[in-house]
Amino acid sequence: MFILKSANRFTLILFCLTLAAFHIGSAYAQNITFLRIGTGSTAGTYYPIGTLLASVISNPPGSRACEAGGSCGVPDLIATAQTTHGSIDNINGIVKGYFDTALAQSDMVAAAYNGTGVYGKKNPITSLRVIANLYPEDVHLVVRRGAGIQSIKGLKGKRVSIDVPGSGTRENAKEILRAYGLSVKDVDAITANPDKSVSLMKADKLDAFFLVAGYPVSAVSELADVGKIELLPISGKIAEKFVAAHGYYSVSKIPSGTYRGLDTVPTLAVSTQWIVNENVAEDLVYKITKALWHSRNRHLLDRSHVKGLLIHLDTALKGVSTPLHPGAERYYREIGILAD
């Protein structure tokens, strides 16, 4: 009888401790905010940049205080980067609630908000809002060495990947081909994401592929390291006329040494914007924006990725034509870079 009573007492104590721990853990968990950032392929730039942003703005419970050298993110926020097909997929994901925030090309964001371009036959997505302009994305027109492609017009009849539906690259590829008098029907258009394009290139089953991303891009580096590819220039009068007609593009170049064995290549660029749905809480977006530009987070941006070096407060509003989220707008007004 004594043994039974002791066992019952032990069971009761264990139950009470477990119940208490559950309530404490539940209360603790209730204070945590999880944030999903839609990015892109792991072979591109969006995913590493999204991962970088997640580390900048996250500040899990129990983290060391910012003033003590710890996290300077949003208290009790845990952000994670999610792979996607790219800009259009991310814009749609924001609308449908698959992501809380996402990265997208400035041209795709403007088209979605205004109901133009690829969104011309759809209702404008007026719920889109911007947190910040981040960095330029360069058009990489990657061609296989030995494929005999010397110009964009030389893509005619070749096996060319224009990326997958849902990517901004796919729409850029179509626009650039049109500017040079070609369409997707003039090439052997292949639907492949950057990872698959790399595999096809290595197997000599692809002649060229488009990729719009901030350099250096791992997919391009992997092929350049084995001497498999060249980058085709996008320049001259046609390119200049194209930029003049499409304000969201700019003239750019990929510097010598960015990829092994490749010299400086003139090209075009768009910008990456950090977007969010208008219904995300103003206070949360305000804190995210403040954390992004916190001076003590600068070292994370500078050391984690080459494109992180280009993410600066003085270009945060550059090329932003879609409305800012009220939380972001509040921060920019507070620090004086957005006037009344």
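## Pockets and a helix pair: worked exercises

The largest pocket holds about 360 Å³ of space. A pocket here is an open set of points on a 1 Å grid over the protein atoms alone, where a 1.4 Å probe fits, with protein on both sides within 12 Å along at least five of seven lines; the volume is the space filled by probe spheres set on the points. This is a predicted model, where local features need pLDDT of at least 70, side-chain atom pairs count only at pLDDT 80 or more, and totals for chains, interfaces and linings use all residues. Residues are numbered from 1 along each chain, and side-chain values use heavy atoms, without hydrogens and water.

**Exercise 1.** Find which residues lie nearest the centre of the largest pocket.

*Solution.* Start with the lining, meaning residues with an atom within 4 Å of a point: there are 19. Now pick out Asn133, Val270, Ser271, Lys318 and Gly319, which lie nearest the centre. Finally, look at α4 (106-114), β4 (128-144) and β10 (265-277): each supplies at least two lining residues.

**Exercise 2.** Work out how the axes of α2 and α9 are arranged.

*Solution.* First, locate α2 (residues 46-57) and α9 (residues 282-292); helices are DSSP runs of H or I with at least four residues, and strands are E runs of at least two. Their axes, lines fitted to C-alpha atoms over the stretch in contact, come within 9 Å and cross at roughly 100°. The two helices are therefore roughly perpendicular, a label covering 65 to 115 degrees. Last, check the contact (heavy atoms within 4.5 Å): Leu53, Val56 and Ile57 in α2 meet Ile288, Ala291 and Leu292 in α9.

Technical notes:
Axes fitted to C-alpha atoms, helices over the stretch in contact; angles between N-to-C directions. Parallel < 35°, antiparallel > 145°, perpendicular 65-115°, else oblique.
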